[in-house]
Amino acid sequence: MQGVRRYSPLTDGGGVTLELATTTNSPLAIDVTESTEMRIRRLISENTVVIFTRSGCCMCHVMKRLLLSAVSVHPTVIQLEEEEIAALPDGAGAGDAAEDGGEMPAMYIGGTRVGGLESLVALHLSGRLVPKLVEVGAITEMLLH
């Protein structure tokens with residue numbers, strides 16, 4: 001994994017990039033004995049809203065902007081190497097890896113795979129995105145008023 005990126009709201013090119021190194025002297029160090037599948041599952045469980053993407057994916061940027069502008073949610077964005085994509089859990093939430101890695105980018109809310117950009121837009125337009133984000137604690141109802 002190349003790194004975890006957190007972005008400031010509504011800024012182009014801004015934000016902070018945290019590179020996850022395999023060194024042991026960093027508090028952000030990766031346990032090199034942890035499998036790719038376990039690392040991805042851990043990142044999904046540790047982050048309320050997380051988007052997994054591949055290098056140069058413009059759809060990830062669109063998803064991030066939608067979450068920021070529509071509901072003020074700052075997703076964690078993790079760029080995967082091509083060989084790591086197959087380790088993403090499938091949409092059933094059962095923890096099994098999808099055979100083809102599924103749709104990219106892949107967003108998880110509260111540990112459940114939502115899908116890609118089309119799924120995010122469908123959730124938003126149907127009015128189900130905000131209740132889902134409130135349910136998992138990504139936003140509070142007070143922020144909505």
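The model is predicted: local features need pLDDT of at least 70, side-chain atom pairs count only at pLDDT 80 or more, and totals for chains, interfaces and linings use all residues. Residues are numbered from 1 along each chain as its sequence is written, and side-chain values use heavy atoms, leaving out hydrogens and water.

The chain has five helices and six strands, taken as DSSP runs numbered from the N terminus (helices H or I, at least four residues; strands E, at least two). Along the sequence they follow the pattern β-β-α-β-α-β-β-β-α-α-α. Of the 145 residues, 38% are buried, that is, under 20% relative accessible area with a 1.4 Å probe, protein chains only.

Strand 3 (residues 49-54) has five of its six residues buried. Its two pairings are listed below; strands pair if DSSP finds at least two bridges between them.

| Partner of strand 3 | Sense | Bridges |
|---|---|---|
| Strand 4 (residues 76-80) | parallel | five bridges |
| Strand 5 (residues 106-109) | antiparallel | four bridges |

V49 stands opposite I109 in strand 5, and R54 has L80 in strand 4 as its bridge partner. From strand 3 the chain passes through helix 2 (residues 58-71) to strand 4 in a right-handed β-α-β crossover: with the strands pointing away from the viewer, the path from the first strand over the helix to the second runs clockwise.

In helix 1 (residues 36-46), the buried residues are R39, I40, L43 and I44. They line one face of the helix, because they fall within an arc of 135° seen down its axis, taken from the directions from the helix axis to the C-beta atoms. These buried residues pack against strand 3, strand 4 and strand 5, where contact means heavy atoms within 4.5 Å.

Conventions:
Buried means under 20% relative accessible area, exposed over 50%, partly exposed in between (1.4 Å probe, protein chains only).
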